[in-house]
Amino acid sequence: MAAATREEDAFRRLFRFYRRWEGSDPSGVIDFSKPAGQQVVTYPLKLTSISDQDAYRAGLHPVTQWKAYGLDNYPGFIYINNPFLPGSQCHWVKQCLKKYIQKPNVCNLDMHMSSEEIADIWGKSKFQLRNKSASKSQPKSLLEKLRWVTLGYHYNWNTKKYSADNYTPFPSDLAFLSKQVAKSCGFPSFQAEAGILNYYHFDSSLGIHVDESELDLSPPLLSFSFGQSSIFLLGGLKRDETPVALFTHSGDIMIMSGFSRLLYHAVPKILPNLEGKPLPSSLELPLSADLPADSVIEPCSDDDWQTCARYLEASRINMTVRQVLAEDQSFLTETRTESKQNAFSTDYHEKYTETKTHKPITNK
């Protein structure tokens with residue numbers, strides 16, 4: 001009986017609709033690259049929050065050039081159209097496929113393969129990816145088997161918690177990027193402490209969930225997308241509230257904060273590049289000459305980019321970055337923090353009972 005009820009909730013109905021959707025009528029999906037309609041509003045960024053020099057260091061245009069939007073009835077939700085300088089997205093794609101997948105970071109392949117089998121995932125996948133034919137009968141490379149990687153405080157998919165003894169240093173370049181984005185949105189004290197990298201293919205989806213495992217829920221959740229486009233569903237406090245459907249494109253950034261921090265959301269569909277080309281145009285631009293000498297952005301060699309580009313022809317990469325602890329907080333105060341967390345939820349949302357935490361990516 002419970003299963004039947006779950007199938008009938010408004011969020012699941014729309015999730016299943018877009019899971020099967022072939023893109024015939026996109027009028028019901030908000031596209032921030034061409035915003036229109038009463039629900040989309042301009043979001044006022046903090047234009048003087050970061051210097052142009054720091055923006056360039058992170059591979060970003062100056063904040064004054066960004067286009068940011070919000071949605072009526074979703075306070076705290078911010079959508080920034082691709083603010084990356086030409087060529088800078090390539091750095092983050094390469095990091096996600098070549099560097100961040102290395103030990104001591106954790107990935108889904110650790111769960112069912114030996115350390116010898118997954119040593120040098122990038123090296124073992126390069127030739128296979130670049131010489132892959134259209135035949136589905138070919139075995140998948142290790143990169144194509146990748147579903148998630150965790151950074152910093154490593155999220156435990158079984159307990160749905162973080163812990164002090166499951167931590168490795170958070171990547172400094174991603175921390176710097178996240179800091180600049182958070183400051184521009186009004187969160188100057190944000191600290192990047194945990195990351196989940198999700199690797200999607202055309203048959204992938206991300207189930208309906210709420211991100212609420214962080215001990216401090218007042219900082220925002222940052223989401224960066226690269227590669228193919230997707231449908232993102234943003235719902236309400238309960239599953240019976242019909243979600244709104246959004247397109248996400250390569251280079252776009254989403255921020256969930258305040259009221260929107262604990263809303264249900266999901267990714268039911270990965271879509272081929274809407275421009276009709278194998279890769280979005282924003283990924284084909286040469287590296288910007290505006291990058292300063294101390295930029296965190298590293299040039300991507302032609303050899304490395306050939307592998308990245310081949311991977312992205314059928315894939316989307318999403319980086320989500322979170323702050324886990326409040327300032328001067330430790331995991332020893334977890335019990336007290338849970339009561340604070342509940343108070344935060346009540347303050348923003350009144351009372352609600354349904355909770356479903358982040359789930360790994362699934363395929364058909």
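Which residue lies over the face of F176, and at what distance from the ring centre?

Modeller: R57 lies over the face of F176, at 4.3 Å from the ring centre; a charge is counted over a ring if NZ of Lys or CZ of Arg is within 6 Å of the ring centre and within 35 degrees of the ring normal. This is a predicted model, in which local features need pLDDT of at least 70 and side-chain atom pairs count only at pLDDT 80 or more, whereas totals for chains, interfaces and linings use all residues. Residues are numbered from 1 along each chain as its sequence is written, and side-chain values use heavy atoms, with hydrogens and water left out.

R57 also takes part in a salt bridge with D54, at 3.8 Å from N to O; the term denotes a side-chain nitrogen of Lys or Arg within 4 Å of a carboxyl oxygen of Asp or Glu. Both D54 and R57 belong to helix α3 (residues 52-57), where they are 3 residues apart, about one turn of the helix. Helices (H or I, at least four residues) and strands (E, at least two) are DSSP runs, numbered from the N terminus. R57 is partly exposed, with a relative accessible area of 22%, and D54 is partly exposed at 23%. Here buried means under 20% relative accessible area, exposed over 50%, and partly exposed in between, with a 1.4 Å probe and protein chains only.

The count of salt bridges comes to 13. Among them, K277 pairs with E284, their closest N and O atoms being 3.2 Å apart; K277 has a relative accessible area of 33% and E284 one of 47%. R310 and E313 meet in another salt bridge, at 3.4 Å from N to O. A network of salt bridges links D211, E214, R261 and R322.

A charge over a ring also occurs at Y200, where R316 lies over the face at 4.9 Å from the ring centre.

As for the nonpolar core, this term denotes a set of buried Ala, Val, Leu, Ile, Met, Phe, Trp, Tyr and Cys residues joined through side-chain atoms within 4.5 Å. The largest has 61 residues, of which W92, L177, Y199, F224 and M319 touch the most other members. Leaving aside neighbours within four places in sequence, L177 is in contact (heavy atoms within 4.5 Å) with A58, L60, F84, W92, F224 and M319. A second, separate core of 20 residues includes F32, F77, L237 and V267.
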